[in-house]
Amino acid sequence: MGAHSIWVLEYSRSPVHPVSGVFYGAHNQGTMNLPFAYILIKTGDAVVLVDVGHDAADFGGQIAHSIGVTGWTPPDIVLGECGIRPADVTHVILTHAHFDHIGGLKFFPNAKIFIQKKELESWMWILANGRRFRSLQAGLNPADILYLTKANIEGRLELVEGERENLVPGIHVYPAFDTHTAGSQYVVVETGDGADKYVLSGDVVYTYSNLTGGDANDPCFVPPGLANGSQTRLIESADEMLKIVGMDERRIVPMHEEKLSEIYPSRVTDRELTLVEICLADGERSRV
Ligand SMILES: [Zn+2]
């Protein structure tokens, strides 16, 4: 019996993403298909998006193009598959501020936005340090930080400091500081009876292989390659997530994981995007 419906909505993909970006130390192993997605949660009157994708029309689109991302589809079409309009979104929880997670904010004018205070501060620090620090800016569209300021003036931004339980009833956020980015956070959804938890990992865990390594029978953490923080902190945070879900890896939901559709019900839309249904609230109809 659940109070939350959760869908993972692919909105674009890179068929040529370097394997070393996803698995630390995987040098000279070529490229892989990497879906780009955001996660929709419906509960009560709240329509929550965890991350918002990017906008193909701005600098985020240029970054996407430069790393081989194709098939970008606007949020009205992506969310329309679940009967939601962008204007219906009440809460946006940002796991971190890389362009493909934050750049679509402008499509959700009615949403209150939640990001870790430390994430915003760290990007301001990186930007203030000038060109020699630009390797730390990989994946950032500085205009997205400007957009946060605009949303703040409009009273739509809330800076979260560390852990926040029941940000929306049953939806908690926890910090994963100094991991993929300085102020990354992940989301835990408690679907009703307290026993069923899902962890929405952001980019702290890109894929299930970050939890298991090459051999699922003898699992080994292999953290993502892209980290402004440390690989040790990435592993510690992945371990924390696994403990939250009682070591059941399938209850961790990484938004760049292609194999979600092998674990959960799914369908491919007219735009050839995969829609994955993680769970349904009582009375909610399936969209797959
Ligand atoms: Zn990222």
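Q: Is H96 buried or exposed?
A: Keep in mind that this is a predicted model. Buried means under 20% relative accessible area. H96 comes in at 0% relative accessibility, so it counts as buried.

Q: Which residues coordinate the zinc ion?
A: Look for the donor atoms, which sit at 2.1 to 2.2 Å from the zinc ion. They are NE2 of H96, ND1 of H98, NE2 of H180 and OD of D203. In sequence these donor residues follow the spacing H-x1-H-x81-H-x22-D.

Q: Is H180 buried or exposed?
A: The cut-off for buried is under 20% relative accessible area. H180 has a relative accessible area of 0%, so it is buried.

Q: What is the geometry of the zinc ion's site, with its 4 donor atoms?
A: Four donors count as tetrahedral if all angles lie between 85 and 135 degrees. Here the angles among the 4 donor atoms run from 86 to 173 degrees. The site is classed as irregular.

Q: What is the phi of N28?
A: Most residues other than glycine have a negative phi. N28 isn't a glycine, yet its phi is positive. You'll find N28 in the loop between α1 (19–22) and β2 (31–43), and it is exposed, with a relative accessible area of 82%. Its phi is near 55 degrees.

Q: Where is D178, another residue with a positive phi?
A: D178 is not a glycine either, and its phi is about 55 degrees. It is partly exposed, at a relative accessible area of 34%. Its place is the loop between β8 (171–177) and β9 (183–190).

Q: Which elements give two or more residues to the lining of the largest pocket?
A: The largest pocket holds about 270 Å³ of space. It is lined by 17 residues, and the closest to its centre are H17, I67, G139, Y206 and L226. The elements giving two or more residues to the lining are β1 (5–18), β2 and α4.

Q: How many nonpolar residues are in the lining of the largest pocket?
A: Sort the lining by class: 6 residues are polar and 2 are charged. The nonpolar residues number 9.

How values were computed
Residues are numbered from 1 along each chain as its sequence is written. This is a predicted model: local features need pLDDT of at least 70, side-chain atom pairs count only at pLDDT 80 or more; totals for chains, interfaces and linings use all residues. Side-chain values use heavy atoms; hydrogens and water are left out. Helices (H or I, at least four residues) and strands (E, at least two) are DSSP runs, numbered from the N terminus. Buried means under 20% relative accessible area, exposed over 50%, partly exposed in between (1.4 Å probe, protein chains only). Donors are N, O and S atoms within 2.8 Å of the metal (3.2 Å for Na, K and Ca); water is not among the atoms, so sites may look incomplete. Four donors count as tetrahedral if all angles lie between 85 and 135 degrees; four count as square planar and six as octahedral if opposite donors are over 155 degrees apart and all others between 65 and 115; anything else is irregular. On a 1 Å grid over the protein atoms alone, a cavity is a set of points where a 1.4 Å probe fits but cannot get out, and a pocket is an open set with protein on both sides within 12 Å along at least five of seven lines; lining residues have an atom within 4 Å of a point. Grid points are joined across faces, edges and corners, and a volume is the space filled by probe spheres set on the points. Ala, Val, Leu, Ile, Met, Phe, Trp, Tyr, Cys and Pro count as nonpolar, Asp, Glu, Lys and Arg as charged, and the others, Gly among them, as polar.
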